[in-house]
Amino acid sequence: MKHPNMTIFFRKVLAVALCLGLLFSGIKLTTTFSAAEEMPEYDGPEIAEVYVESVTIQNAVSETQTEAETIIVDEDTLQLKAIVAPDNADERKVTWSVTAGSDYIKLYKTDDCIDELGPEDKVEGGAAVYVKGLAVGEATITVTTVGVDENEEHKTATCKVTVIEPEPEPEPEPEVILVEGVAIRKDEIDTEAETIYTDEILALNAAVDPDTAYNTNVLWSVTSGDDKIKLYKDESCTEELDPEEDEIESGTAVYVKGVAAGEATITVTTVGVDAENEEHKTATCKIIVSEPEPEPEPEPEPIDIEGVAIRKGETITEAETIRVEEVLELNAVVGPEIAPDTKLNWYVASGSESVTLYKDADCSESIGAYDEIEIGASVYVMGFAEGEAQIIVTTVEEDPKTAGCVVTVKPFVENVSIRKDETEAKEESIYVDQVLPLNAVVTPDNAYETNVTWSVTEGTDKIKLYKNESCTEELGPQDKIESGMTVFVKGVAAGEATITVTAVGVGPGQEARTATCKVTVQGNTTASGYVKSVKITVDDKETSEIEVLCNETATFEVEVTVAGNASREITCVSSDESLVKITNWNLDEDKEGVWHVTITASDQPGTVKLTITTVGKGNNGKAIRKELSVSVVTEKTDWGKKVENEGVINYVDDSGTTSAEVGGKENGIAWLKEDSGGSSAWYGIDNSNGEFKQGSRFWVRWLSSEENAAEFSKYYDMLDDEHKKQIKDDQLWIFLAGVTNPDGTEVTNLSSAVNLYVQLGNDWDKDDINAVFISQVSDEELIASFLKNMNYPSGSQTFAKVPLHHFSPYAIYATNTAQTSEQTSEQTSEQTSEQTSSQTSEQTSSQTSEQTTASGNPPTGDDTSPLYALMFAFSLTGLIILARKHRRFYDTDT
């Protein structure tokens, strides 16, 4: 800053120079200073400094002082300037800054708002700065003087700037569009006449043209026949329409109610006018009201069929037994009781050689598989040959329902004979008061009716017949006695009598089947005694067959009961001593008449007969013989650990496979109980037709989703997609089954159908069950039979019977009846399948590999995990049956 004295000095010099110039104008100054010569130093009084006294902010446009301004965001630019007082202050520059709300405004040096003004930039007092709004809000601008006041302080001024949104542009005045026409409509269609019944309600509306007219309201009125109809605003007809006051918007329904028979006219008038004549437009509709016709009986609503059942008379049946040439009448009923009109198909699924279906009781018109039979109509089943047949009825609809009935055809009685100790008895001799046990044997033993009646046809005063050995319950000629059951003949008086046995189960038109036995009653009672009975027991249980392992010994007891002083001695003979030798028999000192017999088996398997004969004679004077069948079997160490279930011998190997030996044709069903992971089920294979050799191995292995992963996945993946989509929740499980020949080869194709039986639980719905044969090409749907009360080693239970023609993969599953939409189901199925397959495959593969390495064998056993963890494969010689973990098809009561 310049020194104040120097400032005053220069001002005086200038004043003197100006005066001299005026006085001596035109006179040339000859005296000059040298350029290099310094100006003489001023030595006069000091010049006073001018300080800043104040600063204010002005609107640069209006040039008025301001402390608050409003601008529009992104549009307005506010011009401000700072006025420094006094105007001759030595320093008039200022700095500008946004001291609050810097997010809402910015300061610029020029009006194009390009060069931003910083808080350090010094601006001349009175020079404009430019403020631009960035966002809606409030900000404060502060101006600070560079120069100071007499107290050496800078002066400041502030201005509050409010940034606002721009006001919306006013909407243009709408164009006035006049009415051109109007029409009355019903259901979007113009109408000029309608017919209704009394008390019927008709919905109409008015359509103004154009629909953009400035006023589209209308007035409704009944211009004629106002005693025939009424107009209402609401469908319930509680608010009547005023024809002069109520303006109804175009398109809004009004309701016409028929009051009385006759004709009426409805007129609609527009509130708005047309352009040409400024007239209101009108439209009319003629309403004809008539009395209603009697209401027809409502059509029955379609009812979905929930199921079908086969009945005999009025009783639902799943199994029936008839004789050859007998006719069984059946019918079918669908549920619910009121069902839509539908038809039924009847056919014989298996066993067609045993039965045929007919439409009439005379069995003259047979039923074809595609014949449609009325619901409730009778069909007639004729038995042709001994055997078992599966009859199926199915509804004819898109989602057919199916029911089955197993019909067993049995032969008539061919012969009957009277026997004593398994020898035919035609003539017998007893003493007075002596009791003679006899029995009757009917052939064949599987005849439909094997009962017989006993009677004394001659000599009724010589003998009596009794049901019990103590002769307290006399046998009448009408009493039906089961074939093989013992009847007791007691001598009453000396003489001769004839006993006649008559078979009950004789076919229509056949001759009676009878047998007779002559009985001589002797009065001499001086005989020393006789042998009454011989009984063979093992572990206190009477038996006619035992089993012994190769190179092992076995013991059984022979109990001889005598009358009087008869001898208690016995003899024992083996039919083949190279297989079984009788090594000892001795009388038990503690038990009267009981002999202990020990036998020793060779190292070769086989079957022999042991004959036990009493030395003392029987009451007919003949020796009593008893035969015992002995089976010599090898120890099945290669089949696994021996386990006994309800008297049935099973074997379980290290892989979890359970086995049972298949006996001969006469042994019927071979049973085994598969038990793993806390869950178990019985399985049976029927060898009644001798399909499998004696000594074959029937085996079952239940697969776990975690422990047998690879075996499951292969055949699950082979299932058709349509079947996979139908599987309900986790209602499926899987096991392998087959039969191994005695030489170790596996049985594959079967010469005739063989029934496989699978025990079921109590929570399957029969209508949701599906059974298929899994194929590489296309799954083959099967028909399974449902046996509600089938006898098996543990009692009676529900079983599934599946006829097999070969051992190949099968699946049994419950159908999902509560599915979402097909698209959602497919998407969910695909996503779940991909995710589960990927995750389970990696995880299970790792776990299975580790377990196999540790134990040397893959892990086995049961598992209750849901299907989504089950993705595995299985050997080609096995049978896969996928079914619900609880192992059941349905639980309808028989």
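Trainee: Which order do the strands of the open sheet of five strands have?

Mentor: This is a predicted model, and in it the order is β3-β10-β9-β5-β7, with mixed pairing.

Trainee: And which strands stand at the edges?

Mentor: That would be β3 (68-72) and β7 (122-124). Each has a single partner strand, so one side of each is left without a neighbour in the sheet.

Trainee: How much are neighbouring strands turned against each other?

Mentor: On average by 35 degrees, with direction ignored.

Trainee: Nice. Switching topic: how do β49 and β50 pair?

Mentor: In the antiparallel sense, over five bridges, between residues 641-645 of β49 and residues 648-652 of β50. The two strands form a hairpin with two residues between them. Glutamate 646 sits in that turn and has a positive phi of about 50 degrees.

Trainee: What is the bridge partner of lysine 641?

Mentor: Valine 652, in β50. Keep an eye on valine 652, as it also has a bridge partner in β51, namely threonine 658.

Trainee: How many bridges join β50 to β51, then?

Mentor: Two, and the strands run antiparallel, with β51 spanning residues 658-662. They form a hairpin too, here with five residues between the strands. In this turn, glycine 656 has a positive phi of about 95 degrees.

Trainee: Let's talk pockets. How much space lies in the second largest pocket?

Mentor: About 1,400 Å³.

Trainee: Which lining residues are the closest to its centre?

Mentor: Glu388, Asp686, Asn755, Tyr757 and Lys801, out of the 46 residues that line the second largest pocket.

Trainee: Which strand gives the largest share of that lining?

Mentor: β59, with five residues. Several other strands each supply at least two residues of the lining, including β22 (319-323), β28 (387-395), β56 (749-759) and β60 (795-806).

Trainee: And how many nonpolar, polar and charged residues does the lining of this pocket have?

Mentor: By class, the lining of the second largest pocket has 19 nonpolar, 17 polar and 10 charged residues.

Definitions and conventions:
Residues are numbered from 1 along each chain as its sequence is written. This is a predicted model: local features need pLDDT of at least 70, side-chain atom pairs count only at pLDDT 80 or more; totals for chains, interfaces and linings use all residues. Side-chain values use heavy atoms; hydrogens and water are left out. Two strands pair if DSSP finds at least two bridges between them. Helices (H or I, at least four residues) and strands (E, at least two) are DSSP runs, numbered from the N terminus. Axes are lines fitted to C-alpha atoms, for helices over the stretch in contact, and angles run from 0 to 180 degrees between N-to-C directions. On a 1 Å grid over the protein atoms alone, a cavity is a set of points where a 1.4 Å probe fits but cannot get out, and a pocket is an open set with protein on both sides within 12 Å along at least five of seven lines; lining residues have an atom within 4 Å of a point. Grid points are joined across faces, edges and corners, and a volume is the space filled by probe spheres set on the points. Ala, Val, Leu, Ile, Met, Phe, Trp, Tyr, Cys and Pro count as nonpolar, Asp, Glu, Lys and Arg as charged, and the others, Gly among them, as polar.
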